[in-house]
Amino acid sequence: MCYSAQIWANYRKYVRLWGADVGIKEFVRLYWERQTNARIRIPKAMDAAFDDPRSDDERTIHELIRAFNAQQATKLEQELFKQRKRLADAERTLQTKTTKAATQNRRIATDKVAWILGKLADLRRSELNDEDSRIFPGWYAPVMIVENGRRVVKPMRYQCRVAGAPITHDVKFPGTYNARRDNLEGFWRKQFGSRHAIMIANAFFENVSRHRMEGRELRADEKEQNVILEFRPRPQQDMLIACLWSHWQAPHEQDLLSFAAITDEPPPEIAAAGHDRCVIPLKPAHVDAWLSPDATSLAAQYALLDDRERPYYEHRMAA
């Protein structure tokens, strides 16, 4: 499964390179909701797209981001004060008597102070790095769809809650950030052939077992150990990843736009690295056909998935 991806987080790239319109109202609504919903996670690079606002809606988003970051900084600073006090108290105790509680408090407080300082530095940092464009299940990303005959970029959650499903769907089916190709006419039948999308990414990350990555069997006395691998296409390229999406609505609940990346059997180099799935990068020539599917011809949709880009995927241990 595509556990994480490094994406095009700046919607302006979709506009510039793919002539897409922007679902700016959906962006405004998402940023409003984030003010009071701690479960909404947005990559830093997606926020950064609004550093130079050019319209009233973009200025609204810019102010919402500024207020949110200020709120987050205040929370972190309050916790930093608490942990520094905890550390000072533990060190005072240890000057006169070594106790298990004080030793543990010093260790925990030291770790938490370092973590908080790192989070504050990331929050205040203006220069972006690769991690700022990385999403995980439950995070939001710009996704391109077709609406009223036009390509449109909208922010969607990377875990698809299909229309009509109960809100408990997310807990019952936590793996719905990916849609298996062999289940497109099963679980995903309401989306396949009608609700197609594209996420653009240049790397993806997978959880694999260390012994499988090393091409060996698990030893009798060995516990299974998980590692995270980063896969990048060679030659280097932006991948037009085939996705499905849904617009979920329910009485007294916020609307939800969400999506899932379609995965298929892996090429040999990914299988050799210990993973059994791979995203499907579409060919640029197939973008419009994929985004405007003919629901009466699913065979044509499968053909687009088959006639995919087939780069070689290099891998390394993720940082």
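Fourteen is the count to begin with: the structure holds 14 aromatic pairs, where rings of Phe, Tyr and Trp (its six-membered ring) pair if their centres lie within 6.5 Å, with planes under 30 degrees apart called stacked, over 60 edge-to-face and the rest tilted. One of them joins Phe 204 and Tyr 313; with centres 5.5 Å apart and planes at 70°, this pair is therefore edge-to-face. It links distant parts of the chain, since Phe 204 sits in strand 7 (residues 196-209) and Tyr 313 in strand 13 (residues 312-317), 109 residues apart. Helices (H or I, at least four residues) and strands (E, at least two) are DSSP runs, numbered from the N terminus.

A word on the source: this is a predicted model, in which local features need pLDDT of at least 70 and side-chain atom pairs pLDDT 80 or more, while totals for chains, interfaces and linings use all residues. Residues are numbered from 1 along each chain as its sequence is written, and side-chain values use heavy atoms, leaving out hydrogens and water.

Now turn to helix 4 (residues 56-96) and helix 5 (residues 100-124), which pack at an angle of about 155° with axes 8 Å apart; the axes are lines fitted to C-alpha atoms over the stretch in contact, and angles run from 0 to 180 degrees between N-to-C directions. The two helices are therefore roughly antiparallel, the term for angles over 145 degrees. Their contact has 15 nonpolar, seven polar and nine charged residues. Here Ala, Val, Leu, Ile, Met, Phe, Trp, Tyr, Cys and Pro count as nonpolar, Asp, Glu, Lys and Arg as charged, and the others, Gly among them, as polar.

Helix 4 also gives the most to the lining of the largest pocket, nine residues. On a 1 Å grid over the protein atoms alone, a pocket is an open set of points with protein on both sides within 12 Å along at least five of seven lines, a cavity is a set where a 1.4 Å probe fits but cannot get out, and lining residues have an atom within 4 Å of a point. The largest pocket has a volume of about 1100 Å³, that is, the space filled by probe spheres set on the points, which are joined across faces, edges and corners. Of its 35 lining residues, Ile 42, Phe 68, Asn 69, Lys 119 and Leu 123 lie nearest the centre.

Finally, look for the one cavity of 30 Å³ or more. Its lining includes Glu 26, Arg 29, Tyr 140 and Asp 255, and helix 2 supplies the largest share, four residues.

How values were computed. Parallel < 35°, antiparallel > 145°, perpendicular 65-115°, else oblique.
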